Amino acid sequence: MKLIYVTDVHGSFERVRELVRLVDAHVFIVAGDLVDIPFYTVQKTKRYHDLQSYFHALRRKKGHGDMNLEDFVDELLEQPDLPEETVEKGNRYRYETMRAREILIKHYRLLDNILGLSTAGKAYCLPGNHDMDLRHTRLRDRDLHLRCFEAGPLRIAGYGGAGGTTPGIPERYGVAYRAGIGIDEASNEMFRFFKEARPNVIVSHHPAYGIHDYASPLGETGSLALRNYCARHPVLLCLTGHLHDQWGLVEEDDTVFLNPSHFGEVTQPDGRVAEGGYFYEIEMDSGIVEIRHRKLAGGAVHDLVVHVRGSGGWEQKVLDRDRYGALL
């Protein structure tokens, strides 16, 4: 059985279309962040984020940090004698929030069409911190968040979202991340779900603690619950993303952790554009036979590295030194 895993698509749906046209597989997993921004331009998203920042400050000032921002604005606008500026901004924020929802739904409808028309195998999606809850979109039947699917010998379950808030994304429509540091296992939504579902393949947008999770200057930012679950249960594969530069293959406690780096095009903080296109192709039967780190570029698929299991662990062979060197 062949499984294709891509993550951090960031709106590069035409690239997804190209991938599923060029590559055959029994299972495609297309993970968050599926979209990049909830509007059609960066300028529009920035203006929306400016409104968010205004109401974030008001929410802190009034001590309502436990409310999502959209509920706070709705409640705020019911109060009498508000400053005219606050009323104007509040009404604009509510309108733009609904507009963002409409645009996001159109994006997910397009992705569902691409996956439905182009893949012979099964295709599943996982929302990231840039996404809305997929239950309310055309991707609902492909949604892996808090769901488990059977595909041959694979039992695939997912948990989406990530810690913190994402600028420009309405809080009301996002996936609540209830699996972070400081939440004990008895209260941890992700841990309890995986314990019930018993998957042998896990897909999580947020990485496991200590593996592909280093974010400067914070240090290790991953989920301790995810790491502990994989250490105590028979998980073949744990597929993650979120941090684009924390890619690679790590095996711990008989679980292979993979992050291929971003599939979509991403603008870096310094303004440079990283083209992405990276994904994993995983050959499996009762276990993992071979893992290929590949890149879609220039209308073709290129093999960067192949991993095969040897007597002393995973053996790596670099097949495209130029492209692998660029990723390094």
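Visitor: How are residues numbered, and which pLDDT do local features need?
Guide: Residues are numbered from 1 along each chain as its sequence is written, and side-chain values use heavy atoms, with hydrogens and water left out. In this predicted model, totals for chains, interfaces and linings use all residues, side-chain atom pairs count only at pLDDT 80 or more, and local features need pLDDT of at least 70.

Visitor: What is the strand order of the open sheet of seven strands?
Guide: Helices (H or I, at least four residues) and strands (E, at least two) are DSSP runs, numbered from the N terminus, and two strands pair if DSSP finds at least two bridges between them. The edge strands, each pairing on one side only, are strand 3 (122-126) and strand 17 (313-318). The pairing in the sheet is mixed, and the order is 3-2-1-14-15-16-17.

Visitor: Which residue of strand 14 is the bridge partner of Tyr5?
Guide: Strand 1 joins strand 2 in the parallel sense over four bridges, whereas strand 1 and strand 14 run antiparallel and are joined by four bridges. In strand 14, Tyr5 has as its bridge partner Tyr280.

Visitor: How many of the five residues of strand 1 are buried?
Guide: A residue is buried under 20% relative accessible area, exposed over 50% and partly exposed in between, with a 1.4 Å probe and protein chains only. Strand 1 is mostly covered, and the number of its five residues that are buried is four.

Visitor: What angle does the direction of helix 1 make with that of strand 15?
Guide: Angles run from 0 to 180 degrees between N-to-C directions, and axes are lines fitted to C-alpha atoms, for helices over the stretch in contact. Contact means heavy atoms within 4.5 Å. Helix 1 packs on the sheet, touching strand 1, strand 2, strand 14, strand 15 and strand 16, and its direction makes with that of strand 15 an angle of about 130°.

Visitor: Are helix 1 and helix 4 roughly parallel or roughly perpendicular to each other?
Guide: Angles under 35 degrees count as roughly parallel, over 145 as roughly antiparallel, 65 to 115 as roughly perpendicular and the rest as oblique. Helix 1 (residues 13-22) and helix 4 (residues 84-118) have axes 9 Å apart and pack at an angle of about 10°. The two helices, helix 1 and helix 4, are therefore roughly parallel.

Visitor: How many charged residues are in the contact of helix 2 with helix 3?
Guide: The axes of helix 2 (residues 42-61) and helix 3 (residues 69-76) come within 10 Å and cross at roughly 70°. Ala, Val, Leu, Ile, Met, Phe, Trp, Tyr, Cys and Pro count as nonpolar, Asp, Glu, Lys and Arg as charged, and the others, Gly among them, as polar. In the contact of helix 2 with helix 3, seven residues are nonpolar, two are polar, and the number charged is two.

Visitor: How many disulfides does the count come to?
Guide: A disulfide is a pair of cysteine sulfur atoms within 2.5 Å. For Cys125, the nearest cysteine sulfur, that of Cys148, is 16 Å away. For Cys238, the nearest cysteine sulfur is that of Cys230, at 4.2 Å. By this rule the number of disulfides is zero.

Visitor: Which residue does a cis peptide bond join to Ser216?
Guide: Most residues other than glycine have a negative phi, and most peptide bonds are trans. A cis peptide bond joins Gly32 and Asp33, with omega about 5°. Another bond, with omega about 0°, is cis and joins Ser216 to Pro217.

Visitor: Is Arg198 buried or partly exposed?
Guide: Arg198 lies in the loop between helix 5 and strand 6 (201-204). Although Arg198 is not a glycine, its phi is positive, about 55°. With a relative accessibility of 47%, Arg198 counts as partly exposed.

Visitor: How far apart in space are Asp253 and Gln268?
Guide: Asp253 lies in the loop between strand 10 (248-252) and strand 11 (255-259). Although Asp253 and Gln268 are 15 residues apart in sequence, their C-alpha to C-alpha separation in space is 34 Å.
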